[in-house]
Amino acid sequence: MFNEVKKSIQWGEETLTLETGKVARQADGTVIATLGETSVMANVTYAKEPKEGQSFFPLTVHYQEKYYAAGKVPGGFFKREARPTEKETLTARLIDRPIRPLFVDGFKNEVLVMCTVLSHDLVNDPDIVAMIAASAALTISGAPFMGPIAGARVGYEDGEYVLNPTCDDMHDLRNNPDQRLDLVVAGTKDAVMMVESEAYELSEAEMLGAVNFAHQQIQPVIDCIIDLAEESAKEPFDFTPPNYDDLFEAVKAAGEDKIRAAYAITDKQERTAAVAAAKTEIKEGLSEEQLEDPNLGAALKKLESDVLRGSVVRDSKRIDGRALDEVRPISSEAGFLPRTHGSALFTRGETQAMVITTLGTGDDEQMIDALTGTYKSNFLLHYNFPPYSVGEAGRVGPPGRREIGHGKLAWRALQAVLPAATDFPYTIRVVSEITESNGSSSMASVCGGSLSMMDAAVPLKAPVAGVAMGLILEDDGSYAVLTDILGDEDHLGDMDFKVAGTENGITSLQMDIKVAGITPEIMEKALAQAKDGRMHILGEMNKALSAGRTEFSAHAPRIETMTVPTDKIREVIGSGGKVIREIVEVSGAKVDINDDGIIKIASPNGDAIQKAYDMIHAIVAEPEEGEVYKGKVVKIVDFGAFVNFFGKRDGLVHVSQIENRRLNHPSDVLKEGQEVYVKLLGFDDRGKVRLSMKVVDQETGEEMPQEDKKKKKEDAE
C-alpha cells in the first residue's frame with residue numbers, strides 16, 4: 001500500500017531521519033524529518049500552470065506548531081491554534097529566505113510549502129528540522145528547485161562551537177553567561193545562502209568561524225537528502241525558462257540612456273519618478289507584440305539591474321555618488337518627545353526612525369505560550385512601517401511578516417546589552433516608527449533604539465549601531481561590497497547583509513542572498529567593511545548622547561525591589577488578595593510579587609513606594625531581640641500590659657518592666673491606646689514575647705545608657 005523510503009544519519013549527538021511515501025501522498029512532495037524525538041512534516045504543492053499575467057514568483061511558506069506535539073492544550077478561550085505566533089512567523093521567514101533564490105529564473109507557478117510540527121522533545125528546536133524537511137520535500141517534488149539546502153544551529157561556549165545546542169541552552173542567552181551565540185545558517189553544498197544570529201559581542205573572526213563551522217556541519221544532511229531523492233524523487237517538472245533576449249535588446253535600445261540618466265539623480269523621489277517616466281518612454285518605442293509579451297516586466301528590471309550593477313562594479317560609482325564604503329549623512333537627536341520615558345530621532349540619508357522607549361512594571365511583561373512552556377519576556381521591540389514612509393498611499397493593517405522579522409532583528413541586536421532583570425527590574429518596550437525609508441530601516445531602528453533607551457536611563461552595557469551591507473556579484477567573479485545600501489541597491493543587488501554591534505563586537509547578524517551563495521572571502525570582506533561602517537555610525541550617535549542618562553523621566557515609574565521568604569508570600573497576598581489590595585490602596589503604589597518571593601513596588605512617587613515597602617516589611621519581617629520599637633497599648637491586665645509593637649505582633653510588658661518603681665497596678669501609668677516605646681527583651685520558653693518600657697526613654701525612644709537606668713532606679717527608691 002505504501003512505497004516508503006527512509007534515510008538516517010548520525011548528526012551531532014542525535015539521529016536525523018528523513019522519510020517519505022506513507023503520509024500525504026497527494027502532495028507533490030512530503031517528507032517527515034525527525035531529529036531526536038522532534039518531528040516535522042513538510043508538504044510541497046505547486047501549480048502546473050502560472051496564472052495569466054503573473055509577474056512575480058508566488059512562493060508561500062507556512063510553519064505551524066501544533067500544541068499536541070508537546071502534549072499541551074493551547075491557552076486562551078478558544079483552545080485551538082489560531083493566528084501564527086511570532087515564533088511561527090519568524091520560522092516561516094527563516095525557511096523562505098534560503099529556498100526562494102534557488103527556484104529557476106522565470107518560474108512563476110504558485111508554490112506552497114507547509115511545515116507542521118508533529119512531535120517536540122523539548123530538546124531539539126523544530127525550526128532547523130522544518131528547514132531540512134522543506135528542502136527534502138522540494139527536492140523530491142519535481143519542482144524546478146536548484147537545491148537541496150540544509151540548515152544548522154550553532155552555539156559558542158567556552159571558545160568552542162556547538163552544533164545544534166538544546167532548547168534550554170538557547171532559551172534565554174541574556175541570563176546564560178556561558179552561551180554567547182545563537183546562529184542559524186542555511187546553505188547549499190557549495191555556499192552559504194542565509195544567516196540569522198543573536199550574539200554577545202563576538203568578534204568578526206569568531207562570527208565568520210561560526211558560519212564556516214555550520215556550513216561544514218550541514219554537508220552530511222545535504223548528502224542524506226540527495227540519497228532520499230535518488231530513490232523517491234518524482235520526474236522533474238517540464239519547465240523551460242523563458243528566453244527574452246530579443247525583447248531585452250529591444251528594451252535596451254529603446255531606453256538604456258534614459259534609465260541611466262534617471263539613476264544619475266540622487267534624490268529618491270525624483271529618481272523614482274524619472275525611472276517611471278523612462279519606462280513609459282521605452283514602452284512607447286516598442287511594438288504591440290512586444291508590449292503584450294509577459295516577460296516585458298522582467299526585461300525592464302534586467303535593464304535597471306544592468307545599469308546599476310555595471311556602474312558600481314565597473315566605475316565604483318553608486319546611485320547617490322557615494323564611495324563603496326561610505327555611510328550616508330547621519331543626524332541623531334535624543335529626548336525628541338516631551339512626555340515619553342525615552343525617545344530618539346535617528347536619520348541616515350533618506351531613512352528615518354522615530355524610536356520611543358516606555359518603562360513598565362512586572363504586570364507589563366509579555367506572557368508567551370510556547371511548545372517548550374509558558375514564560376515571560378520583559379523586553380519588547382515593535383517595528384512599524386507605514387505606507388507614508390515610502391511616499392505611498394496603501395492599506396494599513398496588522399503587522400505583517402516583514403514588520404515582525406525586522407522588529408525581531410532589532411530586538412536581537414539590542415537585547416545583548418540590556419542590564420540583568422535583577423539589576424533593572426523594569427519591563428522595557430521599544431517602538432520604532434519608520435517615518436522615512438530608503439534602505440535598512442531595521443538598522444536605523446537599532447541605532448534609534450539604543451539612543452532611546454539611553455535617554456530613558458536604561459543602563460545599557462554599551463551603545464549599539466547597525467549597518468546594512470550590499471553585494472554586486474558579476475558572472476566573471478568580480479564583485480563590489482557596498483556599505484549602507486539604498487533601497488534600489490538592495491532590490492537590484494545580490495545580498496542584504498545586516499550587521500549590528502558595539503565597539504567590542506557583533507550582537508546580531510542577518511544575511512540574505514539572491515544568488516547561489518557567496519564565498520568565505522566575500523563574507524570576510526563584508527564583515528570587515530561593516531565594522532568600519534559601524535564604528536563611524538557609533539561616533540555619530542555619540543554626538544547626540546555619549547552615555548545613558550542617570551535620571552528617569554518625571555513620567556516614568558520608579559521601581560524598588562525587595563525579597564521575602566517564599567513561606568511569607570501568602571501573608572503578603574492575604575486571603576483572596578485582601579492584604580496586597582490594601583497595601584496598593586493605602587500606599588498608592590503598584591505591587592507585583594512572583595513565585596520566588598521577589599516583590600516589585602512601582603510608583604512615580606517615592607513616598608508611595610516607601611509606604612508600601614514599610615507595610616510589606618511589617619508583614620514579613622521578624623522582630624529582633626534587643627531592638628526598640630514604637631507600639632500601642634492594646635490591653636491592660638493585673639500583671640502588666642499587652643503592647644502591639646511590630647505589625648500584628650503583640651507582646652507583654654510585665655508590671656515590673658513598666659517603670660523603675662513599684663506600681664500598684666499598670667493602669668496607674670498606662671491606658672489602652674497609649675503609644676509607648678518598648679525594647680524586645682526576648683522570648684520565653686513558650687515563645688511568648690517579653691517587652692520592657694523602663695529601659696527606654698519614653699520621650700525620645702532611645703535606649704537609656706546603663707548609668708541612667710541605675711540613677712532612675714535609685715531616684716524611684
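Author: Contact means that heavy atoms lie within 4.5 Å. This is a predicted model, in which local features need pLDDT of at least 70 and side-chain atom pairs count only at pLDDT 80 or more, while totals for chains, interfaces and linings use all residues. Residues are numbered from 1 along each chain as its sequence is written, and side-chain values use heavy atoms, leaving out hydrogens and water.

Reader: Which residues does Val-113 touch, not counting residues up to four places away in sequence?

Author: Val-113 touches Asn-43, Val-44, Leu-59, Thr-60, Val-61, His-62, Ile-99, Ala-134 and Leu-138.

Reader: Is Asp-496 buried or exposed?

Author: Buried means under 20% relative accessible area, exposed over 50%, and partly exposed in between (1.4 Å probe, protein chains only). Asp-496 counts as buried because its relative accessibility is 11%. Asp-490, at 25%, therefore counts as partly exposed.

Reader: Where does UniProt place the feature "binding site"?

Author: UniProt positions are given in the numbering used here, feature names are shortened, and annotations may be inferred rather than shown by experiment. The unreviewed UniProt entry places this feature at Asp-490 and Asp-496. Leaving aside neighbours within four places in sequence, Asp-490 is in contact with Ile-485, Asp-496 and Lys-514.

Reader: Which residues touch the most other members of the largest nonpolar core?

Author: A nonpolar core is a set of buried Ala, Val, Leu, Ile, Met, Phe, Trp, Tyr and Cys residues joined through side-chain atoms within 4.5 Å. In the largest one, of 134 residues, they are Trp-11, Val-113 and Phe-497.
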